[in-house]
Amino acid sequence: MKDKSFETQAIRQQHERSHNNEHSVPVYLTSSFVFDTAEDMRAAFADESDAFIYSRYTNPNTDEFVSKMCLLEGAEAGVASASGMAAIYTSLAALLKSGDHIISCSSVFGATHTIFTKYFPKWNISHSYFNINNPDTIVALIKGNTKIIYLETPTNPAIEVIDLEFVSKIAKQHNLLLIVDNCFATPFLQQPIKYGADIVIHSATKYIDGQGRVLGGIVLGKKELIKEIYLFGRITGPSLSPFNAWVLSKSLETLSLRMERHCENALHIAAKLESYSSLEFVKYPFLKSHPHYSIAIKQMKGGGGIVTFSLKGGFEAGKKFMDKLKMIKISPNLGDARTIATHPASSTHCKLSLEERNSVGITEGLIRISVGLENKEDILQDILQALP
Ligand SMILES: *Cc1c(COP(=O)(O)O)cnc(C)c1O
């Protein structure tokens, strides 16, 4: 039988019904599960049965969320976690040991950068950053103790795109694991495993929830790797709550619809903004002027919901623009039904030096718009009235 399409799987893959024959899967708010006999409990602990034991390990709601995401990303297995950072930290901590080295793209999520630069050195795990515009440089950074190549694409907030097929080839040639944070694209727009990634990570807090309600994360990939991450997580406890898993599972039912609209709105706004003279540049993966346009259209089904642009007036112009917005809210979040604006230089990236900001593509006047699901003309109008 032909595999079901993305849209159908996102809706029809469900946890089996309980004896009540409910149509919508209920929330299993229970910390533990009971066994009929001591022998049943022994078998569960000995991994001889897949009975639920304790919700720090697994729960029907987290199971449902994981099984849907596996289908959507084309992964063998997965582990859900309390947040995107829990997914990133748990995966890396489970797979790395003291003395190991990791190569990452230079522009990664701020907290991921802090793990690499502040916490990993405490455990003697080192890192090198490669230049996104020149992934050829990865090979020169590989050392005897390198274990992992880690990347995000599109990157936050520079919206650069990295060729997954190209980096995956390098990883395979050198026997390294490739981990991809697929938060900005979601499996609807891009499936990194298809291009050879070993592990895909999501902050489900963003587009997967899509409505700014819950925190969540997930790690997906090959069975043997996921098993190691699962066993580490089950002991250290970054587990996803059953309620949040239930919300996220429901959210997946509308992911394709939402992503189509995010992409349509974002492309419309980016294309219109390109003609404004007060802007130094506008960046969106599906604009022909984007330096990585050809890579984006090769590996993504749409450009995603994030548009960035830089105001010629720099830092002060950036802050002024934010204050002039009427409908669009100022917030660090993204991937919401509501359009959100962020000025990275004065907020998420204010602790970086000017030089560090420039090296990851953050100009002083850079604005990141997480384009929501409102009417695209209403969003555009609010942005235009706030421009100098
Ligand atoms: C938000 C984000 C994270 C962290 O996710 P949380 O759910 O906030 O912990 C990781 N990577 C990217 C690209 C993000 O945007």
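I took helices (H or I, at least four residues) and strands (E, at least two) as DSSP runs, numbered from the N terminus. The model is predicted, so I read local features only at pLDDT of at least 70 and side-chain atom pairs only at pLDDT 80 or more, while totals for chains, interfaces and linings use all residues. Residues are numbered from 1 along each chain as its sequence is written, and side-chain values use heavy atoms, with hydrogens and water left out.

**Entry 1. Loop asparagines**

I looked up asparagine 175 and found it in the loop between α7 and β5 (177–181). Its phi is positive, about 60°, although asparagine 175 is not a glycine. Asparagine 124 likewise has a positive phi of about 60° without being a glycine; it lies in the loop between α5 (110–119) and β3 (126–130). Most residues other than glycine have a negative phi, and most peptide bonds are trans. For exposure I used relative accessible area: buried means under 20%, exposed over 50%, partly exposed in between (1.4 Å probe, protein chains only). Asparagine 175, at 73%, therefore counts as exposed, and asparagine 124, at 48%, as partly exposed.

**Entry 2. Cis peptide bonds**

I noted a cis peptide bond between threonine 153 and proline 154, with omega about -5°. A cis bond also joins asparagine 156 and proline 157, with omega about -5°. Proline 154 sits in the loop between β4 (146–152) and α7 (164–173), and proline 157 is placed in the loop between β4 and α7.

**Entry 3. The ligand**

Of the 14 residues around the ligand, Gly84, Asp181, Ser203, Thr205 and Lys206 come nearest. By class, the shell has five nonpolar, six polar and three charged residues. Here Ala, Val, Leu, Ile, Met, Phe, Trp, Tyr, Cys and Pro count as nonpolar, Asp, Glu, Lys and Arg as charged, and the others, Gly among them, as polar. Helix α4 (residues 84–95) gives the most to this shell, with three residues.

I then checked polar contacts (N or O atoms within 3.5 Å; within protein, one must be able to donate a hydrogen and the other to accept it, and residues adjacent in sequence count only if both atoms are side-chain atoms). A ligand nitrogen lies 2.7 Å from a polar side-chain atom of aspartate 181. A ligand oxygen is 2.8 Å from a polar backbone atom of glycine 84, and a ligand oxygen is 2.8 Å from a side-chain N or O atom of serine 203. Taken alone the ligand exposes 380 Å², of which the protein buries 92%; the areas come from the Shrake-Rupley method with a 1.4 Å probe, and for residues only the protein chains shown count as cover.

**Entry 4. Aspartate 100**

Aspartate 100 is in the loop between α4 and β2 (101–105). Its relative accessible area is 2%, so aspartate 100 is buried. A polar atom of its side chain lies 2.9 Å from the backbone nitrogen of lysine 97, and a polar contact of 2.7 Å joins the side chains of aspartate 100 and lysine 147.

**Entry 5. Aromatic rings**

I found eight aromatic pairs (rings of Phe, Tyr and Trp, its six-membered ring, with centres within 6.5 Å; planes under 30 degrees apart are stacked, over 60 edge-to-face, the rest tilted). The rings of phenylalanine 6 and phenylalanine 188 have centres 5.2 Å apart and planes at 65°, so the pair is edge-to-face. This pair links distant parts of the chain, 182 residues apart: phenylalanine 6 in helix α1 (residues 6–12) and phenylalanine 188 in helix α8 (residues 186–189). Both phenylalanine 6 and phenylalanine 188 are buried. Phe116, Phe120, Tyr129 and Tyr150 form one aromatic cluster.

Conventions:
Near = heavy atom within 4 Å.
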